[in-house]
Amino acid sequence: MKRSLLLSIFLVAAMNYAVADIQYNIRVDGITCPFCVATSAKALKKIDGVKRVKADLENGIIKVCANDSLEFSDSQLSTLFIEKGFTYRSKEKQAQCDSS
Amino acid sequence: MKAAIFWFGVIIVQTFSSLVISAPLTFNTALPVSKGETILRVQYLITKSKDDSSKLDRNTKAWSVVSTVAYGLSPKLAVFATIPYTHRQMETFDANRSTTGIADSQFIGRYTLYHRDFQGGTARIAPLLGLKIPTGSDNERDKQGRLPRGLQLGTGSWDSFGGVVVTYASVNWEVDAQFSYRENRQANGFELGDISRFDASLQYRLSPQNLDENTSHFFNGVLEVNWINQNRNTYNGLKDRGSGGVIVYLVPGAQYITQRWIIEAGIQIPVRQQLNDSALKKDYIVRTSIRANF
């Protein structure tokens, strides 16, 4: 009984851990169309833990939904976007991903 | 044959393409290329010229499949290779002559010297240097003998050119402009006149009118201008009075852009032709194209 209870608690905790996603709102200058974003999205999706990438073109924001274990550094994002021809400005971490 | 080559290009593009962005119809140097990225553009052109003021009453038609591959060596340096496969045909009052094959190829290096990004936009200035190499034969013949210069697939010469391309793009529209000068050299007694040209392109998003995170297709209206000035050709040291001059084209067109590929079309309409002596006037050039990034 005690063992079953512990196992249940562990499973629930593991499930919560598995579904815990965060969103990075990355401000990038120079993106002018979804297709400009798409080249960067392709590179972002290759990073372990990234689940979805969307873009708010009007405000120049790329939204990356990822496992909460993923940590982006400024230098990592700066390099990635320079190689794609854009300019990384800043990032904000959001506790939950926007609904897809 | 020409249809098979074009559709082969279409199939290749559709099979391997990933993501693409906008650029002009009539010049390749403004194509945005990021580091390690390859762009393939296959264009199909139909050219018609008649309105011959000489006694020959020339009437020329041509089609070309022009393949361009661009590759980003670094975020600033991109290289372009263009190889045309072409068919040229000329009817005169007493003959009908034609030829088909690979024409002269071009290689271009473009370095982005100035690049400023801002929210929802970008501005770039990039000088470019290029080389035209004689991959096309300049000694094509038929049963009547050697074909006239206007029908040859190549000029036989190695020519160099340079220029600058400027881009200003926003979320709603993009403007590209290019100036270039090509110095042509002499080969086998013939020298094509040097060519200076200015090209400008406006691409304006017509649909969708509002953007959201699910926008996946663009439909752009395109308007371009080409100003082309060619000096007189030289044969065995003598200037050909019936060659060269200025042509200005106006190019209305459209682009349909998806996340995997772009198809585009336009027609180059000559609005001004100030040609020397009996130089043949252009009727139009129809240009269709498919493009993708890999």
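Which side chains meet in a salt bridge? Those of Lys35(B) and Glu83(A) do.

This is a predicted model, where local features need pLDDT of at least 70, side-chain atom pairs count only at pLDDT 80 or more, and totals for chains, interfaces and linings use all residues. Residues are numbered from 1 along each chain as its sequence is written, chains are lettered from A and ligands numbered from 1 in the order in which they are written, and side-chain values use heavy atoms, without hydrogens and water.

**View 1. The open sheet of chain A.** Its 4 strands run in the order S2-S3-S1-S4, with antiparallel pairing. Strands are DSSP runs of E, at least two residues, and helices are runs of H or I, at least four, numbered from the N terminus. Two strands pair if DSSP finds at least two bridges between them. Strands S2 (50–56) and S4 (87–94) of chain A are the edges.

**View 2. Strands S1 and S3 of chain A.** S1 (residues 21–29) and S3 (residues 61–67) of chain A pair antiparallel over 7 bridges. Asn25(A) stands opposite Lys63(A) in S3(A).

**View 3. Chain B against chain A.** In contact (heavy atoms within 4.5 Å) are 31 residues of chain B and 26 residues of chain A. The two chains bury about 2,200 Å² between them; this is accessible area (1.4 Å probe) lost on being put together, summed over both.

**View 4. The salt bridge.** The count between chain B and chain A is 1. Lys35(B) and Glu83(A) meet at 3.3 Å, N to O. The rule asks for a side-chain nitrogen of Lys or Arg within 4 Å of a carboxyl oxygen of Asp or Glu.
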